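Trainee: I have this one open for the first time. Can we go through it together?
Mentor: Go ahead and ask.

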Amino acid sequence: MANTVFLALKNITKSFPGVLALDRVSFEARRGEVHALCGENGAGKSTLMKIINGIHKADSGEIFIEGKSAHIQNPADARAKGIAMIFQECAFVPEMSVAESLFLGDLPVGRIGFFPRIDWKKIHATTEALLKEEGMLHNPRLFDGIHTKLKYLTIADIQMLEIVKAISKDSQVIIMDEPTSSIAKKEADDLLRKVVELRNRGKSIIYISHKMDEIFTIADRVTVFRDGRVVGGDEARNLTINKVITMMVGREVSGEYPKEEVALGDTILEVRDLKSAGVFTGINFTVRAGEIVGFAGLVGAGRTEVARGVSGLDPVSGGEVLVKNRRINMKNVSECINGGIAYCSEDRRRYGLVLIRGVRENVGLPNLLRYIYKGYLHKTKEVEEVDGQKCALRLKTPSLETAVATLSGGNQQKVVLAKWLIKDPDVLILDEPTRGIDVGAKYEIYKLMSEIVRNGRRGILMISSELPELLGMCDRIYVMAKGRIAAEIARKDFSQELIMQYATGSLRADAGGGEKEEKETDRQHEK
């Protein structure tokens, strides 16, 4: 049974208005195999998966399940045929319990006399048995067991529950679309172990990811998409990361991290003894002109909270922030922006963009005062400056009026950068700047980061959960653990092992802060 073809697609073509999304694509998923799909955003991977899952209908082509022609009408039909899909952005009902979520859409019904009723006894017993079998019953986060509401779980827990749900439906093909993009390394490692375990049980796993290290850790085969076509692929052992990237982008990418050596100037950002009760304490760090400074740490360490505090987005209970020796009023976001600090959120779609609006409006939004004279918006100057940023950042868009929702992740990130670069900040804070972005677009973002600090006027504070990009792009790295800075590491001393030792508490450097405040922060993080 292992390595026999369970699902085959032949000459699948799919068009949307003005776009040929898939062009005669053929693909196979075998039992007992992890088949990785690679490609830039917009290459066609997700469209093909949505056809397999019954969300889209192909314009032409054939689908075969166990050698027999099949027509997948909708996601429910796909599940009935043994196909499950776990999406990058998990859709769930926060107020539902673990047990309810596993049976959502397929609740077992019994009867009391003539009246139908939901068989809760069966739901609870089956859920408990499934969680026990999959090793999740004693997960410390499931503090109320099968009755725990989903709103109390992490994204990683919810993804694991989706896997359990797929197993409970006896799914033979499990599609995973960027499952580790929003979770910590330890949780990602747990999920990858589960993927390997499912493969060993004879399941067929279709795995979509931009993380090459993950792909070459678990994949048996790799197929590469570009511009709606399959452009190559082979067994993973016959490929290298560079070969896959070259196929993805259609050219060789010289050097994964285009870090440039820049003569560092004076300190432009200084944070002194910053604290927020129960969140972080004793935060001290600096950024110099021309410098890219990294913030590393596990999820929940407080990196984003510190960045939001420095930017005036979240309240702080003490400390001060200085830009070019000028004290910034952190209680006022406008003061922080006008003082030279710009913050790019880790969730650009939620906090950084107005998705239904065009590129021009998004870039111009925080800069409107530049274009308004005597109560009128002078669109000519706005268009001129936005178009200048479009060229400088190599932003690919059909026009400046194109809705940003239709752009790729990399181009959306460039829109966020453009709107802040027009304000010419002294310090640019980039929180997870390459999350959800394909390899080719990541390289573009790295190049832009180098260009932003090249003239020695600006500095960048970069928060990332991907250690390789911190090591590749930063001049110094601060490591956070439990709401405190555990260490400052110079570039000459960089190593993933050293960073993880500080991040997990195996090593610790005293970063100051009162003992009482530290204990309170520890208690909050333990909760």
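Trainee: Which residues touch the most other members in the largest nonpolar core?
Mentor: This is a predicted model, to begin with. The largest nonpolar core has 49 residues, and V359, L417, L428, M449, I460 and I477 touch the most other members.

Trainee: Which helix gives the most to this core?
Mentor: Helix α16, residues 439–454, with seven residues.

Trainee: And what does I477 touch?
Mentor: Leaving out residues up to four places away in sequence, I477 touches G294, A296, L470, L471, A487, E488, I489, F494 and I499. There is also a second, separate core of 30 residues, which includes L130, M136, I146 and I163.

Trainee: Different topic. In what order do the strands of the six-strand sheet come?
Mentor: The order is β6-β9-β10-β3-β11-β12, in an open sheet with mixed pairing. The edges are β6 (83–86) and β12 (229–235); each has a single partner strand, so one side of each has no neighbour in the sheet. From one strand to the next the twist averages 20°.

Trainee: How do β3 and β11 run, parallel or antiparallel?
Mentor: Parallel: four bridges join β3, residues 33–38, to β11, residues 221–226. Within that pair, L37 has T223 in β11 as its bridge partner.

Trainee: Which strands does helix α8 touch?
Mentor: Helix α8, residues 241–249, packs on the sheet and touches β3, β11 and β12. The direction of α8 makes about 25° with that of β11. Helix α5, residues 155–168, lies across β6 and β9 and runs at about 175° to β6.

Trainee: What about the four-strand sheet, what is its order?
Mentor: That one is open too, in the order β2-β1-β4-β5, with antiparallel pairing. Its edge strands are β2 (19–30) and β5 (68–70), each pairing on one side only. The twist there averages 25° from one strand to the next.

Trainee: How many bridges are there between β1 and β4?
Mentor: Five, between β1 (residues 5–16) and β4 (residues 60–65). One of the residues to look at is K10, whose bridge partner in β4 is E62. Helix α1, residues 45–52, packs on this sheet and touches β1, β2 and β4, with its direction at about 115° to that of β1.

Trainee: How many residues sit between β16 and β17?
Mentor: Two, and the strands form a hairpin. In the turn, K324 has a positive phi of about 50°.

Trainee: Last one. Where is E260?
Mentor: E260 is in the loop between α8 and β13.

Trainee: Why does E260 count as partly exposed?
Mentor: Because its relative accessibility is 27%, and partly exposed means between the 20% limit for buried and the 50% limit for exposed.

Trainee: What is E260 in contact with, beyond its sequence neighbours?
Mentor: Leaving aside residues within four places in sequence, E260 is in contact with S450 and R454. The side chains of E260 and R454 are joined by a polar contact of 2.7 Å. E260 and V453 are 193 residues apart in sequence, with their C-alpha atoms 9.2 Å apart.

Conventions. Residues are numbered from 1 along each chain as its sequence is written. This is a predicted model: local features need pLDDT of at least 70, side-chain atom pairs count only at pLDDT 80 or more; totals for chains, interfaces and linings use all residues. Side-chain values use heavy atoms; hydrogens and water are left out. Two strands pair if DSSP finds at least two bridges between them. Axes are lines fitted to C-alpha atoms, for helices over the stretch in contact, and angles run from 0 to 180 degrees between N-to-C directions. Contact means heavy atoms within 4.5 Å. A nonpolar core is a set of buried Ala, Val, Leu, Ile, Met, Phe, Trp, Tyr and Cys residues joined through side-chain atoms within 4.5 Å. Buried means under 20% relative accessible area, exposed over 50%, partly exposed in between (1.4 Å probe, protein chains only). A polar contact is a pair of N or O atoms within 3.5 Å; within protein, one must be able to donate a hydrogen and the other to accept it, and residues adjacent in sequence count only if both atoms are side-chain atoms.
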